[in-house]
Protein chains: 4
Amino acid sequence: MSILIRGGTVVNADREFQADVLCDGGKILAVGEQLEAPAGAEIIDAAGLYVMPGGIDPHTHMQLPFMGTVTQDDFFSGTAAGLAGGTTSIIDFVIPDPQQSLMEAFHLWRGWAEKSAADYSFHVAVTWWDDSVHADMGTLVREHGVNSFKHFMAYKNAIMADDEILVKSFSRALELGAMPTVHAENGELVYLLQQRLLQEGKAGPDAHPLSRPPMVEGEAAQRAIAIANVLNTPLYVVHVSCAESLGAITRARASGQRVFGEVLAGHLTINDSVYQHPEFAQAAGHVMSPPFRSSSHQQALWQGLQGGNLHTTATDHCTFCAEQKAMGKDNFTKIPNGCGGIEERMMVLWDAGVNTGRLTPSEFVKVTSANCAQIFNIYPRKGVIAAGADADIVLWDAEGSKTLSVKTQFSKGDFNVFEGRTVKGIPTHTISGGQLVFKEGDLRAVAGHGKYIQRPPFSAMFGALSKMHNAI
Amino acid sequence: MSILIRGGTVVNADREFQADVLCDGGKILAVGEQLEAPAGAEIIDAAGLYVMPGGIDPHTHMQLPFMGTVTQDDFFSGTAAGLAGGTTSIIDFVIPDPQQSLMEAFHLWRGWAEKSAADYSFHVAVTWWDDSVHADMGTLVREHGVNSFKHFMAYKNAIMADDEILVKSFSRALELGAMPTVHAENGELVYLLQQRLLQEGKAGPDAHPLSRPPMVEGEAAQRAIAIANVLNTPLYVVHVSCAESLGAITRARASGQRVFGEVLAGHLTINDSVYQHPEFAQAAGHVMSPPFRSSSHQQALWQGLQGGNLHTTATDHCTFCAEQKAMGKDNFTKIPNGCGGIEERMMVLWDAGVNTGRLTPSEFVKVTSANCAQIFNIYPRKGVIAAGADADIVLWDAEGSKTLSVKTQFSKGDFNVFEGRTVKGIPTHTISGGQLVFKEGDLRAVAGHGKYIQRPPFSAMFGALSKMHNAI
Amino acid sequence: MSILIRGGTVVNADREFQADVLCDGGKILAVGEQLEAPAGAEIIDAAGLYVMPGGIDPHTHMQLPFMGTVTQDDFFSGTAAGLAGGTTSIIDFVIPDPQQSLMEAFHLWRGWAEKSAADYSFHVAVTWWDDSVHADMGTLVREHGVNSFKHFMAYKNAIMADDEILVKSFSRALELGAMPTVHAENGELVYLLQQRLLQEGKAGPDAHPLSRPPMVEGEAAQRAIAIANVLNTPLYVVHVSCAESLGAITRARASGQRVFGEVLAGHLTINDSVYQHPEFAQAAGHVMSPPFRSSSHQQALWQGLQGGNLHTTATDHCTFCAEQKAMGKDNFTKIPNGCGGIEERMMVLWDAGVNTGRLTPSEFVKVTSANCAQIFNIYPRKGVIAAGADADIVLWDAEGSKTLSVKTQFSKGDFNVFEGRTVKGIPTHTISGGQLVFKEGDLRAVAGHGKYIQRPPFSAMFGALSKMHNAI
Amino acid sequence: MSILIRGGTVVNADREFQADVLCDGGKILAVGEQLEAPAGAEIIDAAGLYVMPGGIDPHTHMQLPFMGTVTQDDFFSGTAAGLAGGTTSIIDFVIPDPQQSLMEAFHLWRGWAEKSAADYSFHVAVTWWDDSVHADMGTLVREHGVNSFKHFMAYKNAIMADDEILVKSFSRALELGAMPTVHAENGELVYLLQQRLLQEGKAGPDAHPLSRPPMVEGEAAQRAIAIANVLNTPLYVVHVSCAESLGAITRARASGQRVFGEVLAGHLTINDSVYQHPEFAQAAGHVMSPPFRSSSHQQALWQGLQGGNLHTTATDHCTFCAEQKAMGKDNFTKIPNGCGGIEERMMVLWDAGVNTGRLTPSEFVKVTSANCAQIFNIYPRKGVIAAGADADIVLWDAEGSKTLSVKTQFSKGDFNVFEGRTVKGIPTHTISGGQLVFKEGDLRAVAGHGKYIQRPPFSAMFGALSKMHNAI
Ligand SMILES: [Zn+2]
Ligand SMILES: [Zn+2]
Ligand SMILES: [Zn+2]
Ligand SMILES: [Zn+2]
Ligand SMILES: [Zn+2]
Ligand SMILES: [Zn+2]
Ligand SMILES: [Zn+2]
Ligand SMILES: [Zn+2]
């Protein structure tokens, strides 16, 4: 069935313009003035609305296994919640256990994701190293549409990648045309600080941010950037949360290095006072890594986004319920790390970004979809309203408003980090793969409707990198 | 007559793709695969070629009056030379004498420009201040398609704008939705250094760069940026030539300020050793302001372009002949300032930028046309290959090469700052307003074919600025 | 009469050590272990106390004429209050009206200062320019012990020095071996913002900081630094109050430029919330320029002091009473600018600097006396406890504490910006010129006891500057 | 026997002044005008000469064992060469093999050093970790006068300290009041680059700098600084050779962190063109780590020294002969790393630093002795000309000149990295421990004359650090 979106203001990364948008067969067929509606087309009146590419959340953890349990949102409920918030694609993570085959883990996650209501793809984590990892990276890129690999610089004694793994994996990614990405925190320092805090009897959730101060993140970001610089690879830093890591990215970019930064809606808008809440459940509900930071860091992150030193916005959506969080009741290091946000990301960003003049609507599109699509090489299939693109579209009412709450959210779980926040600027309709899946509060997500997104290697930047004078 | 460009690789700022391009009536009618040729259409075989938006040079001085003479290239020969190099639009400067009416000067320049072979527009300089200037700025924006004003921070006792003029004019521009631009050099310091050098008997062209050291430019850039910051206006800094002014822009952008930087092809590729040439004509032929800099500055400028802190590339095309340059034979401060480059800009940039891996082809399009079109609010009429855009197109042979020389240039004048440089990557065809005006070395420019480009005020960034929390 | 200070811990800029200190004839005769007391010597038991060089406040305005009135503290009461706080020398300012002879103004101020209770010297302001100013600068340096000149970059239509004056005066200072200093605020911006605020009906003291945002200061600091850089002169920036101007200094110093920064005790410890006080007298009591800033700037200033990018601490002591402040009751631009602090500076700095671990005691001596003495070339006469130095000494009880208040201050006037602050670390004895002038709360200042401090030109740094490769 | 130095200009870190200097019993007895010569005193006429504290070289490797051989200069010849150059103290390194007891290694080195002609001390390297290392660090500090520990971040598979060792050792050093120091290069990257270069057939000494690009050093410096920041320890970075690591130090210092930087005379004055020499012996003679860098890095290092972001100058004196260097004839990674310089350091620094105006004579004293003495807590025993200090003195003829060469050097070995350089400014007399050991070219060094320098822990900065608000 075709859909004609009539009379809206299309917003792409490069401009805004008045146009109708016609979708059919899962694709955008035409974008233009006064388009004629095909017979049987559903017509959506978009007068007064913005028509934007559906959001892409490049950082989610749906259905993540954790100590015998699993996060609240599975691939269906999580992607459905995304649709309710205008997000039509996610890139989730395959995280092999050390010694586990990457291919095995990949297929496991692929299986879990089949129930997704929206399109999805996977970064694959490199958590250990041997020849099979080297080989599997090749297989994943060449045969399975993976073009990015994740490295955790924290989580000592678990999935931490030390410098040896980093240099080997970054080198391998480069030859495959794939993007190395990092969770940047110095695992040794985190470990030491955790031990000290526990020894001092600081076992509550308020000790969590003390165990991961900004410099711990700044160090790791700087290190990963230096490694990428020496090896002449690009780099993508996930969840940049503080001035220190942003500073490292900013300096690298100013010297011409191809480094990209992701920032979470939460880190932009929530400060570290949440860890002082007297109730464990409230404080623990905000435990994630990197932690929320003081307000001056938020100001820095917004500046990074405005100045083009941060490129994508994500959520690290990873929802644990109160019972799961309670596993760390007596020891903050045992609180499962994670918060939600996939449903609220775009509203929070519009409200705090566009309404304040920090971002134009086109810049909003850049940081919610277009940049991500370009960095991970799925543009213009995703990230733009143009003929030929996937029909992933959100209609946006800049005057509409809503109060965010766990009580009204579609996401599962019993906690909402944006609880009580009233935002102005909300999605009215979401179209995913050509289907109207969300309409004015009515969510019509269908399990299994989402498709796996093949992401080809060797985006344009690799061509340029290969010409660069290599260090050696 | 229609033109079908067949089989090329279209390069836009956001991506490269295989497509045919059909032009008619001065516009691009369609971009797509396997387009059918209309009857009578001229078909250009673009196999193996890039198809890119025609270049925009946002900084030229054609037909500039100078002490009773005029520069070598008038609006016809200058724009024609541009077409031969793939540049299809210019933004030139209206420069009123102090006390001269802005409207009077504007109409004078408009008259001179009627013979242009390619599209043109004008920044208007604010060289003095009274109520009439305030009023004329409004008239120019509202009735004449001007959306940018120029301020010379150098040239004391002539057209220099002091801080009082800057704050008044920037404020006025903001309320009109127009962009303030600056030539950033501290005029007092230049004046003092010139007097000192002459007193010390340093009167030759090698004294020219000594009278305008990088810090002189850095200071002025920083000052203009600070004023724009306090007044909450955007700012465009012309011909950024050194690390100091680039640093000021980079810091401002990293803090979220909407500052834009222009860099000249010459400053990117020519160093200050040219002023040491023993022949006056050679050294004087390179006298322009800011002067060419040492190699470390060139490296910094490239990094600025790569990292997105510089946005446009221009030429400051302003050609004086040997006889004119000789007016400063005994006193370097009397050498008319100016060099050419409109014909060579895109080739030089491709060769030194794309061939080295500093820029992808899409980034090349950004810095040669798309960014300029967006900043000066003529996008998507200019700066993109898309249906509806002006048919200003250059076909590019990345394998072709050419040795640049005054002997073979179309530009008038007797000097070429790129003399002897062999570049790889050259234009094979240029289409301007739907006409094939340059074909494999054959220039078919027509006087008066160029149209005046109306530039509307209030680009998207002004909407965001108006929402920003203003300093007061 | 001689004084023997027995059993204390001497603190100099380079180290702390146990020693007795013997003074006679206004000088320190000996510093050593177990010194023998001369007959008739007064013996001070310094067990448990620090023995430090008396403070030097390089920025005061005693007895400043203002619209027919004069500030509350004259040279006697002001210097006496300094003695009560451990400060034994000041450098005040001679501020000629435009067109007034520098020599005439200098002699006027010298006359006023004869009643000083402590040693004093003068920076002379260059507020206008002609040949007589050029000549008088020479006379002041060569015959009157002046080695620094002040330039106000703010106060348009009054004493503002524009770029032309700056370049001429800095050049002149260099050839005389004297230090140029600046009050860094862009006068044009301040003027424009003041007019705007008044037009918008914002006439209260809360508008004062809005008329002088940090960037206004940062711009001017950067400009003065650039001018000094180009002219190869040193530079001293008075009352650095914000991250922007500190940043400019920090960058210049990192590139090897000889730039020095002064910070006020008030700017380090008081934030801009004071301007929100509902009572005019309270808010107006804090009106000074640059204004107090938000807390993040204070943090930056402390870092600047710790890292060696700020060198001296001062007060800008300039006390107006409530009646005088009330002149701006209906128009904040008419509120006389100025606050006190000479009495409290060292206590506030010790409490907020040494007690917090930001500074060692030796670093405290650096920033309260030694650095100032070196920069203004009166070291080791001032700024060190050593044989041969002036007997200007403060004994310090690191365990003593005091609550600062207008009720108990020696300084005249009816306002104290540190009102109610309890500090730990207080002076117990002050010796000035060999006299015990303050003892455990008992102030024994004598009018006319202070001597004029001749400051010779050409400190060591001028020797180095003369060898530097000059820009031209 | 006593020595009276008459009529010279004493240069200390804080000032220059005319004074005689009287030495006896290994100490300076008096500094003053017109001192009377004791009976039998040797009188040195210092008219026209500077009288400065003897240099301290905080980074030497005398008599270093290497693959069954040992470096050319043993503790006698090396310290004697230092005396000929005006350097009267060294701090060398005890480098235990992994698993070797720190105490055992310490005593080994102490034994070797007994023949020293000048005073000496030892940094002890932490090259591995277990409880005995933890305990031995305590013993060394409390019983053996060690107050600094060294960590090699490079040399994988040998003495490299990974992050786990760094965090443990830095923490331990803090509680002992000792300074952590680092050789900052990322060992994983060096290893990878070495392997790649060898695989590509790049086995000559010109590959050496390619295996250790500046970013490899910058990364490690930044990492060590971040660890020190989080653990609230001071940090001393040895042999800073490039803009990247200097930048990390500069940023840390600007934020108030107590980080110190050492720079080698060689890195300041020799560029990386030396590795292009066609003769193996010449190129290999310059192989050390970090390698010599391009000229822009040298400019940055000078700026760091001028601006106070680098504090000490050293040599990393470690001399291998041609035969030893030839061990890497076919594989650059086997060339023993090291160059000389202890004899030339002060001359090279004076010539390139003081003669150019980069440094005043007092600043020269700061960076050749006083800062080092303060950082390593042996001030004022060392680093100042003052009564009570050790009689370690150099007399300096600013007008004298000399051409440096292996042919005329006192240092052993067959290579001089400063070969052929003519310097202006040379030592005429060196007094070490009260003995005139060098006089106008005549070296009278005595084996065993040097004493071990006990360095007490808990310098003043530790007091401040303990008050700082600790991260946790
Ligand atoms: Zn993470
Ligand atoms: Zn995650
Ligand atoms: Zn210009
Ligand atoms: Zn121009
Ligand atoms: Zn002031
Ligand atoms: Zn003042
Ligand atoms: Zn080393
Ligand atoms: Zn070493």
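**Entry 1**

I began with chain A and chain C and found no contact joining them; their closest C-alpha atoms lie 8 Å apart. I then looked up chain B and chain D, where again no contact joins the two and the closest C-alpha atoms lie 8 Å apart. I note here that the model is a predicted one.

**Entry 2. Chain B against chain C**

I next took the pair B and C. Here 29 residues of chain B are in contact with 29 residues of chain C. The two chains bury about 2700 Å² between them, and 71% of that area is on carbon and sulfur atoms.

The same surface serves both copies, since 100% of the contact residues of chain B recur in chain C.

For charged pairs, I counted 6 salt bridges between chain B and chain C. One that I looked up joins the side chains of C:Glu219 and B:Arg223, at 3.9 Å from N to O. I kept in mind that the cut-off for such a pair is 4 Å.

**Entry 3. Chain C against chain D**

I went on to the pair C and D. The contact takes 29 residues from chain C and 29 residues from chain D. About 2200 Å² is buried between these chains, 47% of it on carbon and sulfur atoms. On the chain C side, I found that C:Asp14, C:Arg258 and C:Lys467 lose the most area to chain D, together 18% of what that side buries.

How many salt bridges does the rule find across the interface of chain C and chain D? I got 2. I also noted a salt bridge between the side chains of C:Glu363 and D:Arg258, at 2.7 Å from N to O.

**Entry 4. Zinc in chain B**

I turned to the zinc ion listed as ligand 3. Its protein donors are ND1 of B:His183 and NE2 of B:His239, lying 2.1 Å from the ion. B:His183 lies in strand β12 (residues 179–183) of chain B, whereas B:His239 lies in the loop between β13 (235–237) and α7 (243–254), so the pair ties together parts that are 56 residues apart in sequence. Are B:His183 and B:His239 buried or exposed? I found both buried. The zinc ion listed as ligand 4 is 3.5 Å from ligand 3.

**Entry 5. Zinc in chain C**

I then checked the zinc ion listed as ligand 6. C:His59 (NE2), C:His61 (NE2) and C:Asp316 (OD) coordinate this ion at 2.0 to 2.2 Å. Along the chain, the donors follow the spacing H-x1-H-x254-D. C:His59 and C:His61 are both buried. From ligand 6 to the zinc ion listed as ligand 5, I read 3.5 Å.

**Entry 6. The nonpolar core**

Last, I looked up the largest nonpolar core, which has 113 residues. Those with the most contacts inside it are B:Met52, B:Phe106, B:Phe122, B:Phe149, B:Leu305 and B:Trp396. Helix α6 (residues 214–231) of chain B gives the largest share of this core, 9 residues.

I followed up B:Trp396, leaving aside its neighbours within four places in sequence. Its contacts include B:Leu49, B:Tyr50, B:Met52 and B:Gly85. Also among them are B:Met346, B:Met347, B:Trp350 and B:Phe364, as well as B:Gly425, B:Ile426, B:Pro427 and B:Thr428.

Conventions
Residues are numbered from 1 along each chain as its sequence is written. Chains are lettered from A and ligands numbered from 1 in the order in which they are written. This is a predicted model: local features need pLDDT of at least 70, side-chain atom pairs count only at pLDDT 80 or more; totals for chains, interfaces and linings use all residues. Side-chain values use heavy atoms; hydrogens and water are left out. A nonpolar core is a set of buried Ala, Val, Leu, Ile, Met, Phe, Trp, Tyr and Cys residues joined through side-chain atoms within 4.5 Å. Buried means under 20% relative accessible area, exposed over 50%, partly exposed in between (1.4 Å probe, protein chains only). Helices (H or I, at least four residues) and strands (E, at least two) are DSSP runs, numbered from the N terminus. Contact means heavy atoms within 4.5 Å. Donors are N, O and S atoms within 2.8 Å of the metal (3.2 Å for Na, K and Ca); water is not among the atoms, so sites may look incomplete. Buried area is the accessible area (1.4 Å probe) that two parts lose on being put together, summed over both.
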